Amino acid sequence: MNRHHATGIVMALAWMVLGFLALPAFAVVPISFTDTRYLAMPDEHWSLQHWRAFLSNREWHDSIWQSLWIACVSTLAAVVAGTLCAIGCWRVSSRWSERVRTAMILPMAVPTIVYALGIYRLYVDLDLVGSAIGIVFAHTVTGLPYVVLTVSASLANIDPRLEQAARGLGASVGQTLRWVIVPNVVPGILSGAIFAFIHSWDELIVVIFIGGRAFFTLPRRMWDGINDNLDPVIAVVATGMILFTLLVLSAEIALRARRSRS
């Protein structure tokens with residue numbers, strides 16, 4: 001077997017695994033057009049009744065707005081903090097910087113339910129349960145690892161002598177950061193922002209614990225709908241979320257392809 005055939009087999013296996021993992025999620029697309037009053041495939045014909053119900057339901061619109069602004073604010077905070085942390089660890093480049101980087105990615109290793117329980121207990125003492133700043137802070141912490149990892153990967157490709165040259169030519173630390181380092185890690189920053197945004201947009205467990213009765217983000221609204229009556233509108237929302245996620249990931253892939261060509 002030559003190398004070309006081996007590569008083809010590996011690619012075929014990779015696409016099979018990807019299809020096995022991703023295709024079941026697309027089952028909600030035909031369900032969203034069902035003509036029944038419960039979650040099921042279309043019985044006699046395809047119907048738009050549940051799409052119309054979604055478009056006319058203000059509660060779903062409010063949940064989308066809550067998820068959107070929480071995701072945007074927490075992503076912005078995670079990008080700023082994660083980028084600065086990754087650059088700081090890259091500049092110091094010591095044993096302590098590695099420990100700091102490891103600590104920053106710990107939220108990815110801790111089960112979400114454990115993190116939610118811990119932060120709920122803390123928020124009870126701080127009177128932050130049911131507050132917007134509490135949810136934003138929690139999502140910022142869980143979004144940090146994505147930014148730290150992607151920015152650190154971009155920084156690994158930067159020659160440290162670029163910073164030394166900039167400083168040698170009289171640039172201040174701020175100018176070096178703004179005009180030399182940050183432009184070279186933009187792809188990593190954007191990738192981390194996309195993953196942090198998707199994470200916050202889809203997050204459920206933390207919102208259930210600390211959201212109180214004031215915050216019903218889109219995933220929480222879907223969760224309550226499943227527990228109550230299995231409304232097919234949930235399939236409509238799930239279809240929209242899948243399309244939105246695919247759109248964001250496609251934008252990232254296009255950005256990476258454009259960056260690699262330039």
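Buried stands for a relative accessible area under 20%, exposed for over 50%, and partly exposed for what lies in between, with a 1.4 Å probe and protein chains only. An α-helix has 3.6 residues a turn, so residues three or four places apart point the same way.

Before going on, note that this is a predicted model, in which local features need pLDDT of at least 70 and side-chain atom pairs count only at pLDDT 80 or more, while totals for chains, interfaces and linings use all residues. Residues are numbered from 1 along each chain as its sequence is written, and side-chain values use heavy atoms, with hydrogens and water left out.

**Rest of H10**

H10 itself runs over residues 173-184, 12 residues in total, and its first and last C-alpha atoms are 16 Å apart, close to the 16 Å expected at 1.5 Å a residue. The expected span is 1.5 Å times one less than the number of residues in the helix.

**H4 and its cysteines**

Move to H4. Its end C-alpha atoms are 51 Å apart, which agrees with the 51 Å that 35 residues should span at 1.5 Å a residue. Select Asn57 together with Glu59: Asn57 caps the N-terminal end of H4, with a side-chain oxygen 2.9 Å from the backbone nitrogen of Glu59. Just after H4, Ser93 has a positive phi of about 50°.

Next, pick Cys85 and Cys89. Cys85 is buried at a relative accessible area of 15%, and Cys89 is buried at 6%. A search of the whole structure gives zero disulfides, a disulfide being a pair of cysteine sulfur atoms within 2.5 Å.

**The loop between H7 and H8**

Go to the loop between helix H7 (112-126) and H8, where Asp127 is placed. Its phi is near 60°, a positive value in a residue other than glycine. Asp127 is exposed, with a relative accessible area of 67%.

Ser131 is found in the loop between H7 and H8 too. Is Ser131 buried or exposed? Ser131 is buried, at a relative accessible area of 16%. A polar atom of its side chain lies 2.5 Å from the backbone oxygen of Leu128. A polar atom of the Ser131 side chain also lies 3.2 Å from the backbone nitrogen of Gly134. Beyond neighbours within four places in sequence, Ser131 is in contact with Ile210 and Phe215.

Follow H8 to the loop between H8 and H9 and select Asn157. Asn157 is exposed, with a relative accessible area of 69%. Val185 is 28 residues from Asn157 along the chain, and their C-alpha atoms are separated by 9.0 Å.

**Thr36**

Jump back to the loop between helix H2 (28-31) and helix H3 (49-55) and select Thr36. Thr36 is buried, at a relative accessible area of 9%. Its side chain makes a polar contact of 2.9 Å with the side chain of Thr34. A polar contact is a pair of N or O atoms within 3.5 Å; within protein, one must be able to donate a hydrogen and the other to accept it, and residues adjacent in sequence count only if both atoms are side-chain atoms. Which residues does Thr36 contact, leaving aside its neighbours within four places in sequence? They are Asp43, Gln49, His50 and Pro232.

**Zoom out**

Show the whole protein chain: 14 helices and zero strands. Helices (H or I, at least four residues) and strands (E, at least two) are DSSP runs numbered from the N terminus. The C-alpha atoms fill a box of roughly 75 × 65 × 30 Å along the principal axes. Of the 262 residues, 38% count as buried. Among contacts between residues at least 6 apart in sequence, 69% join residues at least 24 apart.

Note on methods
Contact = heavy atoms within 4.5 Å.
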